[in-house]
Amino acid sequence: MPPQQGCKVQVFARIRPTTAASVVTCGATGVDVTEKNGATRSFPVDACFAADCSQEAVFARVGPPLTEAATTGFHGCLLCYGQSGSGKTHTMMGPGGGAAEAVASAECGLIPRVIEQLKIGRAQV
């Protein structure tokens, strides 16, 4: 669906498997981080994807609104931010950083899926 007047930037979080330093989970309204000392902090986001969430599930929530907006003349941006080794390239490109065999697999990332969706939309015009 195209952006509505006053549309805001949407923020999505994808949780990676937790470490011994903290436990990160998807809470009711966003990301919950529980430190070793038991302190919990919450960060509000529009949607949170658990560590076991598939690439397809992430795309299903993030991709269609972005590609639909782009095909109807609106600008869109897909930005991935995080620490080194946190899974940004895996989320955006898929396993192997977008190697040819990974792009054709069920585990391909957001960028190949968005490009494919845009090609499908263009072919239907």
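Reader: Why is the disulfide of C26 and C48 called left-handed?

Author: The torsion about its S-S bond is about -75 degrees, so the disulfide is left-handed. This is a predicted model, in which local features need pLDDT of at least 70 and side-chain atom pairs count only at pLDDT 80 or more, while totals for chains, interfaces and linings use all residues. Residues are numbered from 1 along each chain as its sequence is written, and side-chain values use heavy atoms, with hydrogens and water left out.

Reader: What makes C26 and C48 a disulfide?

Author: A disulfide is a pair of cysteine sulfur atoms within 2.5 Å. The sulfur atoms of C26 and C48 are 2.2 Å apart, so the pair qualifies.

Reader: Which parts does the pair tie together?

Author: C26 lies in strand β2 (residues 22-26) and C48 in strand β5 (residues 47-49). Those parts are 22 residues apart in sequence. Strands (E, at least two residues) and helices (H or I, at least four) are DSSP runs, numbered from the N terminus.

Reader: Why is C108 called buried, and what is C48 called?

Author: Buried means under 20% relative accessible area, exposed over 50%, partly exposed in between (1.4 Å probe, protein chains only). C108 has 7%, so it is buried. C48 has 22%, so it is partly exposed. C26, at 33%, is partly exposed.

Reader: Where is the kink in α1?

Author: The kink lies at G63, shortly before the proline P64. The bend there is about 40 degrees, taken between axes fitted to the seven residues ending at a residue and the seven starting there.
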